[in-house]
Amino acid sequence: MAGASCSARACGAETPRATRADRTGRKPHVNPPLIFVLNGPNLNLLGTRQPEIYGHETLDDIEALCAETADALDLAIDFRQTNVEGELISWVQEARSMAAGIVINPAGYSHTSIALMDALLASDLPVVEVHLSNIHRRESFRHLSYVSRAAQGVICGLGPHGYALALRGIAGILAQAEQD
């Protein structure tokens, strides 16, 4: 699954797609709200790479869970995975004008990418960071996540279910913003 992958809900004909922001920089109104679900390096190997740490579910299984959760929350998702840091950053920048929020599993870039953190901070979008494993119970270099500085919430150690919780968290953040 190198490169972009869209869920049927986000890319299907029945789902309205966002368009670029107008000249004022305002995001277009999209109903249901579009959430970018972004996945970093090596997550395309889920199901076969270190199943004792990451489990036996594949990224396709996680995408199906996200699509099901999004449907229940009246959200649309655009689910993507890349092994390339610059591509992940470009997707975050694209989200600025297309999406209402970002769920991100930056994988190894969590601990190394200041550029990704900067892009997320510049997005002005609600961000929830997800990790399948508990990064705080692993090697000490994994304890620091630069991405966490840009995230409203961090979910780690709950396996694929963390993605569903992250979407619920984004839905709650969006609902609260509508009330404010």
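Which strands does helix α5 lie across, and at about what angle to β3 does helix α5 run? Helix α5 (residues 114-123) lies across β3 and β4, and runs at about 160° to β3.

## Basis of the model

This is a predicted model, in which local features need pLDDT of at least 70 and side-chain atom pairs count only at pLDDT 80 or more, while totals for chains, interfaces and linings use all residues. Residues are numbered from 1 along each chain as its sequence is written, and side-chain values use heavy atoms, with hydrogens and water left out.

Helices (H or I, at least four residues) and strands (E, at least two) are DSSP runs numbered from the N terminus, and two strands pair if DSSP finds at least two bridges between them. Contact means heavy atoms within 4.5 Å; axes are lines fitted to C-alpha atoms, for helices over the stretch in contact, and angles run from 0 to 180 degrees between N-to-C directions.

## The sheet

Five strands form an open sheet in the order β2-β1-β3-β4-β5, with parallel pairing. Because β2 (76-81) and β5 (153-156) stand at the edges with a single partner strand each, one side of each is left without a neighbour in the sheet. On average, neighbouring strands of this sheet are turned by 15° against each other, direction ignored.

Strand β1 (residues 34-39) pairs in the parallel sense with strand β3 (residues 101-105) over five bridges, and Leu 38 has Ile 104 in β3 as its bridge partner. Helix α6 (residues 161-179) packs on the sheet, where it touches β1, β2, β3, β4 and β5, and its direction makes about 160° with that of β3.

Three bridges join β4 to β3 in parallel, with Val 103 standing opposite Val 128. The chain passes from β3 through α5 to β4 in a right-handed β-α-β crossover, meaning that, with the strands pointing away from the viewer, the path from the first strand over the helix to the second runs clockwise. β4 also pairs with β5 in the parallel sense over four bridges, and the bridge partner of Glu 129 in β5 is Val 154.

## An exposed helix residue

Glu 68 is found in helix α3 (residues 59-73) and, at 58% relative accessibility, counts as exposed (over 50%).

Note on methods
Buried means under 20% relative accessible area, exposed over 50%, partly exposed in between (1.4 Å probe, protein chains only).
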